[in-house]
Amino acid sequence: MIKKYILVFNIFLLLIVPLKAYGKKDAINIITTLGSNQDIGILGLIGGVFFDEIKKRLYITDSSNCRILSYDSEFNYLSALHPKGDLKNPTSILRIIDGRFLVVEPAKRNVVVIDVAQKLINLLDLAEVPDSAAFNPGRMTIDPEGNIYIIDRANNRILVFNSNLKFNKEVIKESKIRFNDIKVDRQGYIYTLSTLEGIVRKYDRSGKKILEFGSRGKDRDEFSFPTSLAVDNKGLIYIVDQHKNKIFVFDKKGKFVFNFSGLGWIEGRLSMPSYIFINSSDTIFIVDRNNSRVSIFK
Amino acid sequence: MWQKKKLLYICIFLLLALIYAVAGGAHPATAKTSFKKCLECHKDLQKEIKLKGAHAPFKNFNCGGCHNPHASKHKSLVKREIGSLCKSCHKGKGLKQKFSHDPVEKGNCLECHDPHASKDRNLLVAKGKGLCFKCHKAGSVFLGKIKHEPARKGLCLKCHNPHGSDDFSLLRKNKEKICISCHSTENAKTKKAHKFYPVSGTECVSCHNPHGAKKDDLIKQNKHKPFAKGNCQKCHNSPEARNPLGLNKKGSLVCLQCHKKVDEDFNKINNHFFDGVFCINCHNPHASDQSGMKKGVLKKICFNCHQDTKWRMSDKKTKFLHPEAKKGNCNSCHDPHGSNFRLLLVNNEFELCTSCHKRHASFSHPVGVNTIDPRSKRDISCITCHALMASKHEFALQFDGKKELCIQCHISY
């Protein structure tokens, strides 16, 4: 009788355990990749990706070719914004509520504001930003209310501008922390990533730190060279590890859940991924830098 | 029936317990006797075991603590790899600190220690400079005729911790304190030499070579122009100012006001721009024994942040590296300030590689903008096939070049 129970239990384990593991990895699949083709020509270094929830458009900055590429919600190529002379090497990109684009321009050490409708290109007004002389923008993000968060690499701080691009406040300033990426979730929590420390930090709206996790190391749940982060609707935190060529997923408490992808060249694989963006329907956009493409997972 | 079975089980249990007690109890005695037998063949160890500083397990004939007397996949029949074997007892030696000595990190404990016995303390294989200079060749340590007394005498451990330290140079104390534990900065001669700037509490080794130099003052060979001219105020406030050592421009602007070309490099897509006077992460603003006023050996500077690259390159599975990577000449291929190319490369992959590998510019597998990697749909470049920073395969290939590499794309073969 006992033997029977053991046999049934073993069969149950065999069935359940692999299914559970398979389920986790299978939850994220490659949808498509956007790279060089006849329509857009050769895609250079990709600086940033942004999905506009209002217009349902995907925007990619082609830093080497000084242009912004747009795709529809089915990821069909639409057009290229190519303001010659005014855009040198665009990197991080986002589109604010009124339809203007914000693009980080390393060559100008500033953020360029592009108003396509008015055909105007200006620099972001830093007049009210303290210590603006040494401002050097890193990555940017936008919260559900339309506030813009910009990393100031020269001053180790996060600057917040309102939806009218008026400087609001300096939300986080940590003299010893280098911020390499930033995202804000639906509840308004701010997440930052420090590559060299391998640490993810979560702050509330006031800039008070409420969670910190991660380290660099050789273990399965440790980072080699984390470069970007994003948060999905469930609160899962996705970290791009450029040198492990993987995406690590952590739960709300910073506990490692699983990872996906790995080094490779075929669709679904990554080679030196550098940036991640997750839209409101949890579609994951990953800049697959060495493969010169954007890999889209869901 | 059930009672009989129960009795049988109890009897079997008691019998097994008895066997275990007899055999198990006798085991340590027989083991000790057998390990004494080791020395009957290993006669060279007979003298060593008598030495005062012999390793305790060896002295107590606990040869089995480290060795498997029958078989092992490791040299000298040790139970595990040397590093992890030593660390199983000597926990955390040099690993808790931020920086570890290379042999400690790689687990090469036997580079410095004899696992059985030594005439020198701490089971060292040699004394003082005889040990350290085995790797750190005197020629690279002493860059001039003038030698700092502790270094000349080989008292390396007076300043350095041989296992690990929170300091980049494995110093016992931090750079601000270590020199003033012997030298005073308060005498008139020192004050005058430093142009009356309050140098107490600063890093003396940023200007002085603590091992040796060409001149008495032990100042490093290459001097920053304003420093050589004694023009301290080019960067610093005046000695009479409230904050004399303060800089006259904020953050990196103090350096970039002169180094305009470098300033332009920091405007590129990929760059190493950070906060504050980040230039001094890699460069020494006063004097250096390295080219380009670097604050140390280039590889060490890069690995200070790019630890994972160091792990990958020194991994036991890594058999092949690009020769420049092996030499630590990172800047042969990468621009440490900024680049508009992938991976901070100094040029696009094809142009960069063929600037040395000239033959491949005209004769190679098709590469360049007119080719397409069928897997990724991007153009084929040198790094499509080569993994130059760490590879298991000859010619630092991504896959085995005999077959696996080619069939990645040439599927029909």
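Predicted model: local features only at pLDDT ≥ 70, side-chain atom pairs only at ≥ 80, totals over all residues.
So, the contact between the two chains: 32 residues come from chain A and 23 residues from chain B, where two residues are in contact if their C-beta atoms, placed from the backbone, lie within 7 Å. On the side of chain A that touches chain B, there are ten nonpolar, 15 polar and seven charged residues.

Residues are numbered from 1 along each chain as its sequence is written, and chains are lettered from A and ligands numbered from 1 in the order in which they are written. The scores are ipTM 0.87 and pTM 0.83.

Okay, chain A. It has one helix and 24 strands; those are DSSP runs, helices being H or I with at least four residues and strands E with at least two, numbered from the N terminus. Its radius of gyration is 21 Å, close to the 19 Å from the globule rule for 298 residues, so chain A is as compact as a globular protein of that length. That radius is taken over C-alpha atoms, and the rule is 2.2 Å times the number of residues to the power 0.38.

Now one sheet in chain A. Four strands make an open, antiparallel sheet in the order E14-E15-E16-E17, and strands pair if DSSP finds at least two bridges between them. Strand E14 (181-184) and strand E17 (209-213) of chain A are at the edges with a single partner strand each, so one side of each has no neighbour in the sheet. In chain A, strand E15 (residues 190-194) and strand E16 (residues 199-203) run antiparallel, joined by five bridges. And what stands opposite A:Ile190 in E16(A)? That's A:Tyr203.

Over to chain B. An automatic or database assignment gives domain 1 (27-125), domain 2 (129-219), domain 3 (236-296) and domain 4 (307-408). The C-alpha centres of domain 1 and domain 4 of chain B are 41 Å apart.

How confident is the predictor here? Chain B averages a pLDDT of 88, with 94% of the residues at 70 or above; pLDDT is the predictor's confidence in each residue, from 0 to 100. Within chain B, helix H1 (residues 2-36) is lowest, at a mean of 65. Over residues 24-32 of chain B, pLDDT stays under 50.

Terms used: Nonpolar A, V, L, I, M, F, W, Y, C, P; charged D, E, K, R; others polar.
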